[in-house]
Amino acid sequence: MSQRFTRRSLMAAGGIAPLAALAACSGEAPGGGAAIDNAAGIELPHHTPPPELEGAIISDVEGVPPGYEKLPTDLIKTVEKPPGDGGPITEFKISWDPPAPPLEANAFWQSYNERLNVDYQPSIAPAANYDERLATLLAGGDLPDIVQLLDTAQSAKAISNGAFADLTSYLAGDKIDQWPNLATIREEQWRYVAYDGKIVGFPIDLPAYNNEFRYRRDWAEENGYPDPPADAEEFKELFASFSKMGVDGRYGLADAPGTAMVAAQAMFQVPPGWRYEDGKLTHHIETDEYEAAVRFMTELWDAGAFHPDALALDSNVGKTLSMIPAGTVGLSWIAAENWYIPGVYHAAVEEVPDSWTPFVPPAFDGSGSGLFARSTGVFARVAISAQAAEDEEHLMMLLDFCNYMRAPFGSEEQYFLYHGEDGDYFTRDPGEQPVPVEGTDWHADAGQLIYGLPPVIFDFEGAADAIAINEEYVKNSQPNPVAGLFSASATKAGPRLDELAQSYVNQIIVGNRPLSDLEAYREQWRSRGGDDMRTEYLEALKSREDQE
């Protein structure tokens, strides 16, 4: 199994907002408040591609994860000895799942400690309480050895204040070769975990495009639509037809703006984040393409495609996601892997095989595919605390531990992390595929404990199909041109600009404001921080170009 994405990232654009969005609070970002290129001047660690093993499905499209539909006959060994020294390793991390069983009732945790020669002591924060828990942790000052840092202002402030170790002198250039599994991290990923010219931690992997759109093909065929929508007009007709099938509680689209807005922006070729042309930086909301996407959303609303509580559903991700397996919504946009691995989404397809079918939203005029937002390849960072790094011997042990956790698919180490000791959750004869032990639940026991550093792999039956559809998204994707840059204004203005969008764009979609109010929204966006962001990002972009 590979790194799974069963969190709110299910709903994020092509994945997640990059770590490069981090900026210090109250103008405390390095560089005096202007946006900066945080990787400037760093000798980045050398990259070593992961081993390509028997049965590998390797895409020619950069950014598409490698795939394996089964384990290779022979597993490789990537770590010569256990990384730990028998002492404790403490870690603060996020989870989207119920708490794992405690050590005394958890076979995986026990074998994990024994095999890695550690006393692993995680502090696991539920996603809903992550910000609050991290704030308490940072305020206390006594940080654990390892901390998972999401894209938040308080994370950036803590990094800026020196709470986390600068690993540059240990990892730069060929020094990374001491930890060959960490050396598989790509150069562009290192750029996004850099901060003010320093390497601060390791990336939590994300594909170039994490999600895929699916629609209820069985409903479409029943309504006379044998093929996926070929243009925006067919998209509107199709999903409006789902809401009119006479089935109580069934709607074409659930949340607004939500999933439909992601599709609309793709179909109308809205640039991801910003557009940078001829030395000018234009935010996506200022473009004609965005206005066309918003207009289309109003048409979807008028056509009856949406659930009547669409605005409320947009802020209730759990409810929105539950509508997918419940069969009460016709469009989904979640992480691709969730359709292939055991769980409620895979079960929904198994139950009705001709139901949830992948498709690529078309260009609005049917001239090709939509335009999709390419991720940075990084969801978050795994950082080592400066306090833990004060003892260099302890720091070396933590780097060895991180190297083990980054073990590639087809290795003995990765197999243990995702299957446990033989007989606990799976059994495997030499050269054969693992067989689950009835009555056990590896994910419940182990998923939280190993989350973070494992690389993303499509390792499931159907991987070739998942790769083929992912290639179409990635080939038609575009990165945000300011990815990798920090802006203090972006962080300070972010919350109020989010509220501004809700009061204007959301209300325009459902008809409570006229489309003409979009210009008032843009003017307020500019005056409330948008123009400051533009100025800072332009400075950083021009500085980056000068260095190139």
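A residue counts as partly exposed when its relative accessible area lies between the limit for buried, under 20%, and the limit for exposed, over 50%. Glu289 has a relative accessible area of 23%, so it is partly exposed. The structure described here is a predicted model.

**Salt bridges**

Glu289 forms a salt bridge with Arg275, and the closest N and O atoms are 3.0 Å apart. This pair links distant parts of the chain: Arg275 is in strand S10 (residues 274-277), while Glu289 is in helix H9 (residues 288-302), 14 residues apart. Arg275 is partly exposed as well, because its relative accessibility is 24%.

The count of salt bridges in the model comes to 24.

| Salt bridge | Closest N and O atoms |
|---|---|
| Arg216 and Asp218 | 2.7 Å |
| Arg275 and Glu289 | 3.0 Å |
| Lys77 and Glu412 | 3.7 Å |

The bridge between Lys77 and Glu412 has its closest N and O atoms 3.7 Å apart. It also links distant parts of the chain, with Lys77 in the loop between S2 and strand S3 (88-95) and Glu412 in helix H15, 335 residues apart. Lys77 has a relative accessible area of 46%, so it is partly exposed. Glu412 counts as partly exposed too, because its relative accessibility is 32%. In the pair Arg216 and Asp218, by contrast, both residues are buried.

Salt bridges can also join into a network. One such network links Glu286, Glu291, Arg295, Glu519, Arg522, Glu523, Arg526, Asp531 and Arg534.

Is His419 buried or exposed? Its relative accessible area is 7%, which is under 20%, so His419 is buried. Apart from neighbours within four places in sequence, His419 is in contact with Tyr425, Phe426, Pro434 and Trp442.

Gln154 is in helix H3 (residues 153-160). With 23% relative accessibility, Gln154 counts as partly exposed. Gln154 and Ala135 are 19 residues apart in sequence, and their C-alpha atoms are 7.2 Å apart in space. A polar atom of the Gln154 side chain lies 3.5 Å from the backbone nitrogen of Ala135.

Thr48 belongs to the loop between strand S1 (36-37) and strand S2 (67-68). At 35% relative accessibility, Thr48 is partly exposed. Which residues does Thr48 touch, not counting those up to four places away in sequence? They are Ala183 and Thr184. The C-alpha atoms of Thr48 and Ala172 are separated by 13 Å, and these two residues are 124 residues apart along the chain.

**Backbone details**

The peptide bond from Ala256 to Pro257 is cis, with omega near 0°. Pro257 is in the loop between helix H7 (232-243) and helix H8 (258-267).

Asp196 is not a glycine, yet it has a positive phi of about 55°. Asp196 is found in the loop between strand S6 (194-195) and strand S7 (198-199). Its relative accessible area of 35% makes Asp196 partly exposed.

Asp278, also a residue other than glycine, has a positive phi near 50°. Asp278 lies in the loop between S10 and strand S11 (280-283). The relative accessible area of Asp278 is 79%, which is over 50%, so Asp278 is exposed.

How values were computed
Residues numbered from 1 in each chain as written. Predicted model: local features only at pLDDT ≥ 70, side-chain atom pairs only at ≥ 80, totals over all residues. Heavy atoms only, no water. Buried < 20%, exposed > 50% of the residue type's maximum accessible area, 1.4 Å probe, protein only. Contact = heavy atoms within 4.5 Å. Helix = DSSP H or I, 4+ residues; strand = E, 2+ residues; numbered from the N terminus. Polar contact = N/O pair within 3.5 Å; in protein donor to acceptor, adjacent residues only side chain to side chain. Salt bridge = Lys/Arg side-chain N within 4 Å of Asp/Glu carboxyl O.
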